[in-house]
Amino acid sequence: MIKTKIVLIITILITQFTFSQKKSRADRFFEKGDYINAAEHYEEELNQEGYTKSILENIATSYYNTFQFKQAYRYLKVLTSGKFYGKDKAYDNGYNFMMYQVLSALGEYEKSIEYLSLYKTNNAVRDFSTSDAISTIEDFKLKDDDYTITSASFNSESSEFGAIKQGDTVYFASDRQAYSPLDKKYKWTHRPFLDIYTVKVDQDNNPVSEIEKISKEINSKLHEGNFCFTADGNTMYISKSNSEKGKKKFDSIKNNSVHLYKAIKIDGKWTTPEKLDFNDVNYSVVHPSLSADDSKLYFSSNMPGGYGDFDIYVVDVNLDGTYGSPTNLGPSINTENREQFPFISREGNLFFSSNGHLGLGMMDIFVSELGGLITPINLGAPINSSYDDFSMTYYNDTDGFFASNRNKVGDDIYTFSQIGDIFPKEYRARFEVRDYASDNYIANADAILYNNDNEKIYESQLDSIAAFDLKLFPGRYNFKASAEGYKTRTKPLVAKEKEEEVYVIYLDRVGKKDEITTTEDNNSNNSRNTSSSNNTERTKIDESSTERKKEEITKTKLRETLLADKDGPPVIEKNGKLYFKMPPIYFDYDKWNIRADSKKVLDKLALKLERYKTVYIKISSHTDSRGTDSYNQVLSTKRAESTRNYLALVGYVNARRMKFIGFGESQPLIDCDNKACTEDDHQTNRRSEFEIVKF
């Protein structure tokens, strides 16, 4: 009997050992959510075992979860192309969505949409248009900025997010410091668990006190994340790790969810947070936000019955301290993917973050007029980037905070000021048709304005004042004009969010070459027939020839002077043409605003153009190859135009001396279609050129 037991125990131990061998060390890290160590050990396994599907899936997920997108793309590309061992080349559709997110983060949005289309098709979505999606993203990028942003001065090397301002105090979440020296670190980030901090600030949100933890009653050894306050500041709703008596509570598959808690301030001190009664051990309830009158509590949850991963819900907050049943905000707001970080403004508008609605990459911030829960509007740049942008809050009508990981692996808080209208409205714009040489109106010009769908929204023959006014929504349009004796031209433009903006199309006259032919004939008969009128014409021709020679001498001298003058941007000759040799005019990726470092360069050019008032220039702008041809064409034109406008408005250079043209990606210095270009290569292609076309 004893012998039988010993054999049985040995058999069980051998079975357990054999079973444990099926899970590698990398797998065990992965299951615990330690993606940093998991990725490191999966790299070792790949070197030993080659490309197996399970390892590719897990290593790609590990890099994705730790925001190492280039590494994630490397393995997702192998996975989604089926270049791994085994006959079964199928993989989970979720990796197509992950590929879409990763490529978006890397700035390759045109390629990313192909994977989003594949993901949608596999989810039986039939009405998804790749071209419409690309056009929508490009509209996000090309719209005028509605916000200005600045990195908050109280950021650190650690993560900070979820900032809320009350009076002169800012509250935020951060993993900058452990709760106590002996506390464990969070496996996912290898950083301390999140706590809530406070700091007093001045009117510019600069700290005027030490940054401190809010309270030991609020903070624990586990996570305290997003939170909100009632209007009087005496009640606080907090996202906290689900725990009881300091111990984590797990569901049936060992997940520790995050729940909502409430704490009350009594005599200036916070009470111990208590769980809200609609929490459940089997799912998370996070990211609270209250309506202005404190009657409704909004939050995000992955509870059953939603539309996807995390959805946004609302509950009534009753006067007796109880709560209604959670109500899903519906399919206009929620998608099959992730919606989180709701915030309700004083006007009742819902701001939230999503990776399910079309955006610039990863999580973007959207807004919806809550009364109707209409289709959300992407806030665009600079609020949104190709990385995660989230936890937006206002503390007055125009100013607030949001968080982003656009500059590092961890999150940073940014302050913002709203300077534009975030909801679409019509603006009155003026359209003019003018002569390029004289800048005068072209009488009786024909004008047509098309919208982005190539539909005519205006058509007329103009009178002596070749202009018309029209109310229209911001967006892309094509302005076409023609007139007798002029070349017809169509100008693509992006209408701005601005009243009384003027859009001018300049037409060139149809050119006619004046040919003067002189014949020297020694025939005596011809000489005898030469009249006095011919002698007069000969005199005019001689005078004209003399003037041309004088002009050529003057031009030759000016050309030599320009080439010799090294004060300011030098002039160089290239392929028989003259150019100002300029340092690079830098633009932020996907933007056309003149950066501060480039303003100094243009200031020097303006001074030199002031000295040479007969010099006319052509500003040519080029983009890199990322993005569609049409988008890059518009972007380069806007960059060239903003360069011209800066020289005219700030440098006081006569605008008629400057042409501008955008070439998009059509004339690269480095061919990125046939090689993997570096960021330096893309920067080389992203350039402006200043050609002297007349002097």
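1. Ground rules. This is a predicted model, in which local features need pLDDT of at least 70 and side-chain atom pairs count only at pLDDT 80 or more, while totals for chains, interfaces and linings use all residues. Residues are numbered from 1 along each chain as its sequence is written, and side-chain values use heavy atoms, with hydrogens and water left out.

2. The annotated region. An unreviewed UniProt entry gives residues 574-695 the feature "domain: OmpA-like"; such positions are in the numbering used here, feature names are shortened, and annotations may be inferred rather than shown by experiment. In the model, residues 574-695 are 36% helix and 22% strand, with the end C-alpha atoms 16 Å apart. Helices (H or I, at least four residues) and strands (E, at least two) are DSSP runs, numbered from the N terminus.

3. Cavities. On a 1 Å grid over the protein atoms alone, a cavity is a set of points where a 1.4 Å probe fits but cannot get out, and lining residues have an atom within 4 Å of a point. Grid points are joined across faces, edges and corners, and a volume is the space filled by probe spheres set on the points. The count is 4 cavities of 30 Å³ or more, and the largest cavity has a volume of about 50 Å³.

4. Who lines the largest cavity? The lining consists of Ile585, Tyr586, Phe587, Ser621, His622, Arg639, Gln683, Arg686, Arg687 and Ser688. Two elements, β33 (616-622) and β35 (687-694), each give two or more residues to this lining. By class, the lining has 3 nonpolar, 4 polar and 3 charged residues (nonpolar: Ala, Val, Leu, Ile, Met, Phe, Trp, Tyr, Cys and Pro; charged: Asp, Glu, Lys and Arg; polar: the others, Gly among them).

5. The disulfide. The structure holds 1 disulfide (a pair of cysteine sulfur atoms within 2.5 Å). Cys672 and Cys677 form it, with their sulfur atoms 1.9 Å apart. The torsion about their S-S bond is about -95 degrees, so the disulfide is left-handed. Cys672 is buried at 15% relative accessibility and Cys677 is buried at 18% (buried: under 20% relative accessible area, with a 1.4 Å probe and protein chains only). Cys228 is buried as well, at 6%.

6. A loop residue to look at. Asp411 sits in the loop between β22 (399-404) and β23 (412-418), yet Asp411 is buried, with a relative accessible area of 14%. Leaving aside residues up to four places away in sequence, Asp411 touches Ser158, Ser159, Glu160, Phe161, Phe390, Ser404 and Asn405 (contact: heavy atoms within 4.5 Å).

Methods: 1 Å grid on protein atoms, 1.4 Å probe; cavity = no way out; pocket = protein on both sides within 12 Å on 5 of 7 lines; lining within 4 Å. Buried < 20%, exposed > 50% of the residue type's maximum accessible area, 1.4 Å probe, protein only.
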